[in-house]
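Colleague: Could you walk me through this model, please? I have not looked at it before.

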Amino acid sequence: KKEDLAMSATPADDGDDVAITHPERVVFAKKKLSKGDVADYYRQMARWILPEISGRPLSLLRCPDGVGKACFFQKHHGQGLGDAVHAVPLQQKSGREDYVYIDDERGLLQLVQMNTLELHPWGATVADPEHPDRLVFDLDPGEGVSWADVKRGARDVRDRLQQTGLQSFVRLSGGKGVHVVVPLQPAADWDDAKAFCEAFAQAMAEQAPDRYVATMSKAKRSGVIFIDWLRNTRGATSVCSWSLRARESAGVAVPLRWEELARVSAADAFPMDKALARAKRLKADPWQGIDALKQTLPTLQR
Ligand code: ATP
Ligand code: MN
Ligand code: MN
């Protein structure tokens, strides 16, 4: 009887019983990392990743044959994802559609079992999908932009946000650029968030046109950074902190303290093993305090 109680008291959400099939299957060929390695990574990182994605609509990047092969984005819920991968109906132009969300380690591992490599949450929760609680300024460097200039751009965004009264947080994308993330009290709607972010990016591009662009049509221009504000529209996503990236470098999207940015040499400076080592060394969340901030969208100065 006592043992039974102890058994039933084990958290049901730890994902230990999620079977990972074909753990030997190669995912990152150059890095010699398998599906089993990916599952181990997400298992070990669950305590850091779950707060970033739990209870948020998610887009998944699934790569059944590994990186460099066909990968696909999935945002809709479907059969066979697992019992801890939930559906949330969200209104779209064509009607209500079921989106994916999870809220525990079991769900995370079931996504991994379905060959999910990247996790891309909304900047809003399932509980309140119409009011963003995270904005993301996605800095996309064009050809020929140095890493030093990318870092300068991130600090520039931070300083300008500060001038509007907003504190922000930085993460390496694990690819080429960085993301500057602004926590909000969910109050403003997506239209207001989008308008603010567009105006903010445009102001930067107007004041330093040799360094920044804010329009999609100029995004690929060489020598400048595209301040991609379009992550802040309803239904848009950004990769979450600690997600693996489906690139040969196996870079991880790593959150940093602002002071740490100076010492980092590239947006993909933390491949899986280095990201794991970093997480193990961490004494506190690099984004400590993000959820305690009570910030709201400033009114637009047009
Ligand atoms: P990088 O630093 O290399 O730009 P990134 O993650 O910022 O890496 P982007 O291409 O700038 O990559 O995309 C930003 C975000 O937009 C992604 O993290 C993803 O959530 C979303 N996104 C981009 N392309 C797609 C797509 N084809 N389908 C769905 N979402 C996408
Ligand atoms: Mn980007
Ligand atoms: Mn982008």
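What follows is a short exchange about the model, from the whole protein down to single residues.

Modeller: Before we start, this is a predicted model, where local features need pLDDT of at least 70, side-chain atom pairs count only at pLDDT 80 or more, and totals for chains, interfaces and linings use all residues. Residues are numbered from 1 along each chain as its sequence is written, while chains are lettered from A and ligands numbered from 1 in the order in which they are written.

Colleague: How many helices and strands does the protein have?

Modeller: Both kinds of element are DSSP runs, numbered from the N terminus: helices are H or I with at least four residues, and strands are E with at least two. On that basis the protein has 6 helices and 13 strands.

Colleague: What is the radius of gyration of the protein?

Modeller: The radius is taken over C-alpha atoms, and the globule rule is 2.2 Å times the number of residues to the power 0.38. For 302 residues that rule gives 19 Å, and the protein comes close to it, so it is as compact as a globular protein of that length. The C-alpha trace spans about 70 × 40 × 40 Å along its principal axes. The radius of gyration itself is 20 Å.

Colleague: Where does ligand 1 lie, and which residues come nearest?

Modeller: Domain 1 and domain 2 both give residues to the shell around ligand 1, so the ligand lies between them. A residue is near a molecule or strand if its C-beta atom, placed from the backbone, lies within 6 Å of it. Of the 15 residues around ligand 1, those that come nearest are His-120, Ser-173, Gly-175, Lys-176 and Gly-177.

Colleague: How many residues of that shell are nonpolar, polar and charged?

Modeller: Here Ala, Val, Leu, Ile, Met, Phe, Trp, Tyr, Cys and Pro count as nonpolar, Asp, Glu, Lys and Arg as charged, and the others, Gly among them, as polar. The shell around ligand 1 then divides into 3 nonpolar, 7 polar and 5 charged.

Colleague: Which strands are at the edges of the open sheet of 6 strands?

Modeller: Two strands pair if DSSP finds at least two bridges between them. This sheet has mixed pairing and the order 11-12-8-10-9-13. Within it, strand 9 (residues 169-172) and strand 10 (residues 178-183) pair in the antiparallel sense over 4 bridges, and Leu-172 stands opposite Val-178. The edge strands, each pairing on one side only, are strand 11 (212-213) and strand 13 (255-256).

Colleague: Is Val-170 buried or exposed?

Modeller: A residue is buried if 20 or more other C-beta atoms lie within 10 Å of its own, exposed if 12 or fewer, and partly exposed in between, with C-beta atoms placed from the backbone. Val-170 sits in strand 9, and beyond its neighbours within four places in sequence its contacts include Ala-154, Val-180 and Trp-258. With 25 C-beta neighbours inside 10 Å, Val-170 counts as buried.

Colleague: Which strands does strand 3 run antiparallel to?

Modeller: Strand 3 (residues 58-62) is mostly covered, with 4 of its 5 residues buried. On one pairing, 5 bridges join it to strand 7 (residues 116-121), where Leu-60 has Leu-119 as its bridge partner. On another, 3 bridges are found, and Arg-62 stands opposite Phe-72. The antiparallel partners are strand 7 and strand 4 (residues 72-74).

Colleague: His-22 and Trp-242 have a positive phi although neither is a glycine; which one counts as buried and which as exposed?

Modeller: His-22, with a phi of about 50 degrees, is in the loop between helix 1 (2-9) and strand 1 (26-28). Trp-242, at about 80 degrees, is in the loop between strand 12 (225-228) and strand 13. With 12 C-beta neighbours inside 10 Å, His-22 counts as exposed. With 28 such neighbours, the buried one is Trp-242.

Note on methods. Domains from an automatic or database assignment. Contact = placed C-beta atoms within 7 Å.
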